[in-house]
Amino acid sequence: MTRAPRPGFLRAMPILSGHARLAGILGWPVAHSRSPRLHGFWLERHGVDGAYVPLPVRPERFAQAVRSLADLGFRGANVTIPHKEAAFAVCDEVAPSARRAGAVNTLVFREDGTIEGSNTDGYGFLESIREEVPGWRADRGPAVLLGAGGSARAVAAALLDAGCPRLTLVNRTRARAEALARELGGPIGVAERAPLGDAALLVNTTSLGMQGQPPLELDLAPLPAGAVVADLVYVPLETPLLAAARARGLAAVGGLGMLLHQARPGFARWFGVEPQVDAALRDFVAAGIPPR
Ligand SMILES: NC(=O)c1ccc[n+]([C@@H]2O[C@H](COP(=O)([O-])OP(=O)(O)OC[C@H]3O[C@@H](n4cnc5c(N)ncnc54)[C@H](OP(=O)(O)O)[C@@H]3O)[C@@H](O)[C@H]2O)c1
């Protein structure tokens, strides 16, 4: 449902009707989240009669808060740290995407009162590469993934499920990478050093390179000419890893695109509009993030 036109002097204020659709993001803390800004942009662009709000909820109140949101008529919510695992318990149905990722990041409150949980991080990651590297496919060659944390799991599962022929995990804590490889199964292994020589894709899922963290020290020289380098970090927008990839003439994909694309399925379900990721959205959400 779209909003009625409003007088010019009210243009900066969201005007909701009694039918307004509501969604939000559950986290603790949640003040750092860019999701309200992101969804707010799409709500405004599409003139949706609705709102997307930050929902700071303590871990011990999570389940109760989710049920209350459903009772209050919310359409659903995003779930972020530290609730992504706890969210399984409140779902009546969990999509394979969430089971594979080991985390729920999107809740849909259905009309029949049941709650559906899914995970859109892996989808967002794949879509961000497809957007920035036209024609890219996960089955086009081996991939190397640095890290073995929460985001590594979502990205690794998405790559394997999209046909990646061989995936190698490299992590500071090797045992964590081994456990992840065992859990996911398929053509996935663990190595001490990144096997870049035949890699079609290199992904950083560690926090190295993030503002305030040490840079990721990795010589990209062995990567083949057609390789793609992706970094989940988006603060700064251009990490030293991405700058090094570009300097070598390689395609480089930053983490902001994943953040934007992972939001699309939830917005479509809650607000009934398929939103697009474009330059205007990027600029709006990236405002204030250091470029490098
Ligand atoms: N673009 C997006 O939409 C998006 C989404 C999710 C996350 N992210 C970004 O992805 C990054 C990781 O997030 P996460 O949720 O996966 O975190 P996490 O679960 O805490 O995992 C962190 C990973 O980084 C590694 N690591 C941390 N410090 C390190 C160091 N000094 N040297 C080597 N390895 C180190 C950890 O290795 P150990 O196992 O040895 O501790 C682990 O593999 C963050 O920068 C986050 O902002 C981006």
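Reader: Which elements each supply at least two residues of the lining of the largest pocket?
Author: This is a predicted model: local features need pLDDT of at least 70, side-chain atom pairs 80 or more, while totals for chains, interfaces and linings use all residues. Residues count from 1 along each chain as its sequence is written, and side-chain values use heavy atoms, without hydrogens or water. At least two lining residues each come from S3, helix H6 (150-161) and helix H9 (256-262).

Reader: Which element gives the largest share of that lining?
Author: Helices here are DSSP runs (H or I, at least four residues), and strands are E runs of at least two. Four residues make up the largest share, and they come from H6.

Reader: Which residues of helix H2 are buried?
Author: Buried means under 20% relative accessible area, with a 1.4 Å probe and protein chains only. H2 spans residues 62-71. Its buried residues are Phe62, Ala65, Val66 and Leu69.

Reader: Why do the buried residues of H2 line one face?
Author: An α-helix has 3.6 residues a turn, so residues three or four places apart point the same way. Seen down the axis of H2, the buried residues line one face because they fall within an arc of 100°.

Methods: Buried < 20%, exposed > 50% of the residue type's maximum accessible area, 1.4 Å probe, protein only. Arc of directions from axis to C-beta.
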